[in-house]
Amino acid sequence: MIYPWQQSQWQQVNQLISADRLPHALFLQGNQGLGKAGFAFSLANALLCKQPAADGQACGTCSACNLLSAGTHPDLHYLKPVAKAKTTSKKPALSIRIENIRDLCETLNQTSQFSGYRIAIIEQADQMTIAAANSLLKTLEEPGRSVLIILLSARSQRLPATIRSRCQLMRFTVPDEKLSLSWIKENSVMQEQQAGPDEKQIKEALKHAFGSPLAALEQLQDAEHHKLIAEAMTAAISGKNSLEYSAKLAKLVKYQVLETMLSWVSDVTKLVNCGPDAEIVNDSYRVKLQTLANRVNQQRLFRFYDQLNFNIQHSSIALNEQLLWENLLISWDNL
Ligand SMILES: [Zn+2]
């Protein structure tokens, strides 16, 4: 899938293909939620397709395209960080390990099944272990003919410079708001078969997602969760009991709830320090946030902020989540 905000990168790569100057390694860099993986797969499909369309994209109907859509094309390989086998942890650390890279490089060194490109897509390449990165380095230095390795990362500084310097960099940046707005409107209506979110909701989701349209769309689909968190955070000022929400919050993804709560703290801080017109993330709840800002004790607010950060840093520790939300909501209500 080539998204509307990726047109210039798509043109760039197609110019390289037609000039026969496509490098053997590309590094797609940009925030999460900008569709880098979609771009990488479109490029791989286009190179493996037997009769690409005029715009350079795969035809979708040839025998190669059929294998690609079934996920069984022998010349396309995909790696992403995974947990170690036999781990007992509920939330294990994910990484790309040396054995994964060795297997991949071995396969890339074999002859293509269709005498064309052999392509590898490595998602979240920054999660490679040092040994894995060193192992990949050899293949990057001496790639076989018609080999293309596409690395993806949102945190490029974590990737060794030796790897980065051997790839051609392709940057993906946040599209302008107008383009994101129209794309999200179009796609949220299509998916739900009903009126999509309004402009204000979309703008808020985009702020939460640091401007990444795919991440914003996902958030809008999670809007129900945000609504629930907002209800919990405003229960006390609405004369309700916030503790009634702790069991419901315990069913959501802990990290996301904590991050959303953090945005509430930062909004209250801005309203306190910059006045009622301050730019805030949770704009739909401005009136209630202002009520909080008017009465809040700044020292308690900082303590609550620390409490949230502590839990974010230690969010992989398993604990009774209902109790966690009860504690946090009590602190919040007593700000
Ligand atoms: Zn095709």
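Q: Which helix and which strand does the loop holding Asp20 lie between?
A: Helices (H or I, at least four residues) and strands (E, at least two) are DSSP runs, numbered from the N terminus. Asp20 lies in the loop between helix 1 (7-18) and strand 1 (25-29). Residues are numbered from 1 along each chain as its sequence is written. This is a predicted model, in which local features need pLDDT of at least 70 and side-chain atom pairs count only at pLDDT 80 or more, while totals for chains, interfaces and linings use all residues.

Q: What is the mean pLDDT of the protein chain?
A: pLDDT is the predictor's confidence in each residue, from 0 to 100. The mean for the protein chain is 90, and 97% of its residues reach 70 or more. Over residues 190-194, however, the pLDDT is below 50.

Q: How many helices and strands are in the protein chain?
A: The protein chain has 15 helices and seven strands. Its C-alpha atoms fill a box of roughly 70 × 45 × 35 Å, taken along the principal axes. Of the contacts between residues at least 6 apart in sequence, 71% join residues at least 24 apart.

Q: Is Asp20 buried or exposed?
A: A residue is buried if 20 or more other C-beta atoms lie within 10 Å of its own, exposed if 12 or fewer, and partly exposed in between, with C-beta atoms placed from the backbone. Asp20 counts as exposed because it has 6 C-beta neighbours inside 10 Å. Asp20 also has a positive phi of about 60 degrees, although it is not a glycine. Across the protein chain, buried residues make up 33% of the 335 residues.

Q: Is Gln124 buried or exposed?
A: Gln124 is buried, because 20 other C-beta atoms lie within 10 Å. Gln124 is found in the loop between strand 5 (118-122) and helix 5 (130-141). Gln124 is not a glycine, yet its phi is positive, at about 50 degrees.

Q: Which strand holds Ser95?
A: Ser95 is found in strand 4 (residues 94-95). Ser95 is partly exposed, since 16 other C-beta atoms lie within 10 Å. Leaving out residues up to four places away in sequence, Ser95 touches Pro81, Gln127 and Thr129. Ser95 and Met128 are 33 residues apart along the chain, but their C-alpha atoms are separated by 5.8 Å.

Q: Which residues of helix 8 are buried?
A: In helix 8 (residues 199-208), the buried residues are Ile202, Glu204, Ala205, Leu206 and His208. Just after helix 8, Phe210 takes a positive phi of about 50 degrees.

Q: At what angle do the axes of helix 12 and helix 14 cross?
A: Axes are lines fitted to C-alpha atoms, for helices over the stretch in contact, and angles run from 0 to 180 degrees between N-to-C directions. The axes of helix 12 (residues 254-274) and helix 14 (residues 298-313) come within 10 Å and cross at roughly 155 degrees. Helix 12 is therefore roughly antiparallel to helix 14. Angles under 35 degrees count as roughly parallel, over 145 as roughly antiparallel, 65 to 115 as roughly perpendicular and the rest as oblique.

Q: What is the handedness of the crossing of helix 12 and helix 14?
A: A crossing is left-handed if the near helix is turned anticlockwise from the far one by less than a right angle, and right-handed if clockwise. The crossing of helix 12 and helix 14 is left-handed. The residues making the contact include Tyr255, Leu258 and Met261 of helix 12 and Leu301, Phe304 and Tyr305 of helix 14. By class, this contact of helix 12 with helix 14 has twelve nonpolar, three polar and no charged residues. Ala, Val, Leu, Ile, Met, Phe, Trp, Tyr, Cys and Pro count as nonpolar, Asp, Glu, Lys and Arg as charged, and the others, Gly among them, as polar.

Q: At what angle do helix 10 and helix 12 pack?
A: Helix 10 (residues 223-234) packs with helix 12 at an angle of about 55 degrees, and their axes are 11 Å apart. Helix 10 and helix 12 are therefore oblique to each other. Their crossing is right-handed. The contact is made by His226, Ile229 and Met233 of helix 10 and by Val257, Thr260, Met261 and Trp264 of helix 12.

Q: How far apart are the axes of helix 12 and helix 13?
A: The axes of helix 12 and helix 13 (residues 286-295) are 9 Å apart, and the packing angle is about 65 degrees. Helix 12 passes helix 13 in a right-handed crossing. Asp267, Val268, Leu271 and Val272 of helix 12 make the contact with Leu289, Gln290, Leu292 and Ala293 of helix 13. By class, the contact of helix 12 with helix 13 has six nonpolar, one polar and one charged residues.

How values were computed
Contact = placed C-beta atoms within 7 Å.
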